Amino acid sequence: MPGLKTAQSVGLPGVGRLRALRRAARQQQPSASAKLIWKLLPDVWALIKPRRGVLVLSLVLMVINRLTGLVLPYAMKPFVDHVILKHQIALLTPLVAAVVIATALQGVTSYSLTQILSKSAQRMITDLRVQVQAHVGRLPVAYYDKNKTGALVSRVMSDVEGIRNLIGTGLINFLGGLLTAVFVLALLLRISFALTATAVVALLIFGVGLSQGLKRIRPLFRARPKINAEVTGRLTESLGGVRVVKGYHAEEREESVFQRGVHRLLENVLDTLTATSLMGAGATAMLGMITALMLFIGAREIFTGKMTLGDLTEFLALLAMLVSPIAQIATIGPQMTEALAGLERTREVLNEDPEDKDPDRTVSLGRVQGRVKFESVNFAYEPGKPVLHDVQFEAEPGTVTAFVGPSGGGKSTVIGLIAGFYRPLEGQVLVDGIDIAKVRLGTYRTQLGVVLQDTFLFDGTIRENVAFGRPDATEEDVLGACRIARVDEFAEHFEKKYDTVVGERGVKLSGGQKQRVSIARAILADPRILILDEATSSLDSESEAMIQDGLRYLMRGRSTFVIAHRLSTIRRADQILVVESGRILERGTHESLYAARGRYYDLYTRQHGVETNLFLAPGEGDTPLEDTQRGDGPGPRAEPRESVLPEAIRFVERQRG
């Protein structure tokens, strides 16, 4: 329940965990980072391969950009030695023209690179988000049971964001920096081997320090998306359960939990900023030290006649171009680390096997008859914690099978197995004699109609929610399903009628109205197997009786499975299974189970009271519907409403041609 958990109970990392991450970072071996990079190379190539044309063009532009960038420092020697010192004014115009043209080309190529790479990177992020979302949508229900919704949203939206640096300006700037370093090093060696060797040794020392810094910062980048996903997941829960939070006046507790989470995230970010700032400061200090050293040695070289002032000026300008790309790695390195961390987490999701990837799922079902059979089924959500024990039953086409029993007994798990949400650990679930574990689920679930007690509606219109299972349905069929489910009774009174937006999770509708829309959605899907999990629990007695009147006709020729706590609603079921502690204790019809005076009799009499005959719900007994029943909410007594049976008959006739 939101608001009643502590920060630690929802998995938010504390200070101790962050300290442990830092300790792990200090203890991490260099080989681990190298292994990660090599491990992710195929994934990096998979992202780059479709965009290799863009990268080749970018590399060409980068070469032009870096070569034109060398014109200015290269022009320093003739400018100082010939124009300034020797007053050769004729060289000034061509030198200035060369610098202007080179600078213009550098500007054009820089703009082109940013446009090409940034837009390509954003397209890659979009494609990857679509890929991850599509993959997550095809994962089994068991995966959703283990992962929070907010964490999955973070995987889809946030984790892929940093990956842009794999193809964006980060990667090209990194390669461009290396290219510049090669060009500049060749020019520096031509000017002075001694000065160049001294500078290279200093840069190598800096490079080793930079490598150590990157090794320590990488775990922080890998930890950040996890912390962010946990905080986002809790926030999603809190917002989704806002009515529970407010109902228990738990706003301050939720604020405290969220505050702790974002402060953990802040600490991670601050640690990362500290590390990157230190690397940047180190790069600046190293640049200053190398420049000072070069000035000292260069001045001595000039005094001895081994260099000219122009040589030293050119050398220092080129040296800055050598140091600058290496200093950029202090910024680009963490970006690439973040990209690899995001890619690693994204691949964790993409490596999960979709439901239909199982090589055993090779059977494509045609139109099923609806014969469902459980053969010695055992099931557990977690190893060593069995939920179902040796469940066996058979449901013939066109029959209604009801599951009754106390909460937590295993009824919903049985329904989940019928829907193919889970696979049994032992035994088989057969549909028309075919093991569901071998069936391509897409060919099976299109023939299912599911109405759950926890009704879920999308933030769309009533029409869109009803037509969710059959978006190509005709207007006549949509309205027919709405009439059978009594959606028309409230939809017709809205200003926009069936185009009324229901809000997130149907928040603008009452519980009973949401269930009617859900029932209409199942009716329109024209399923061969219909699953009703407390489908009418939120309805008033009259609405329930009316809808069941239509549902009973629609159930003809279909296999229907019903979970019911209101036992009077399943008295006409062809078989009733009493499920308790994961076992089927009793089975039979209402009359036979009632006469046996066993567990079903105990449940039935305790709920309704035999002596007052309260168990006969309106429309379920032998007496006609009374006119004293009320609607969904408070108000005057409602008049008896017209039966939906004629509409149900017309609907089925249209569906069957």
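Q: Why is H493 called exposed?
A: In this predicted model, H493 has a relative accessibility of 68%, and a residue counts as exposed over 50%, as buried under 20% and as partly exposed in between (1.4 Å probe, protein chains only), so 68% places H493 in the exposed class. Residues are numbered from 1 along each chain as its sequence is written, and side-chain values use heavy atoms, with hydrogens and water left out. Local features need pLDDT of at least 70 and side-chain atom pairs count only at pLDDT 80 or more, whereas totals for chains, interfaces and linings use all residues.

Q: Where does H493 lie, and what does its side chain reach?
A: H493 is found in the loop between helix α18 (488-491) and helix α19, where helices (H or I, at least four residues) and strands (E, at least two) are DSSP runs numbered from the N terminus. The H493 side chain comes to 2.8 Å from the backbone oxygen of E489.

Q: What makes T461 a buried residue?
A: The relative accessible area of T461 is 12%, which falls under the 20% limit, and therefore T461 is called buried.

Q: Which residues is T461 in contact with, beyond its neighbours within four places in sequence?
A: T461, placed in the loop between β6 and α16 (462-466), has Y498, D499, T500, V501 and V502 as such contacts, contact being defined as heavy atoms within 4.5 Å.

Q: Why are β6 and β10 called edge strands?
A: The open sheet has 6 strands in the order β6-β7-β8-β3-β9-β10, with mixed pairing, and β6 (448-451) and β10 (583-588) each pair on one side only. From one strand to the next, the twist averages 15°.

Q: What is the angle between helix α19 and β6, and how is such an angle defined?
A: Helix α19 (residues 511-524) packs on the sheet, touching β6 and β7, and its direction makes about 175° with that of β6. Axes are lines fitted to C-alpha atoms, for helices over the stretch in contact, and angles run from 0 to 180 degrees between N-to-C directions.

Q: How many helices and strands does the protein have, and what share of its residues is buried?
A: The protein has 23 helices and 10 strands, and 46% of its 657 residues count as buried.

Notes. Pairing = 2+ DSSP bridges. Polar contact = N/O pair within 3.5 Å; in protein donor to acceptor, adjacent residues only side chain to side chain.
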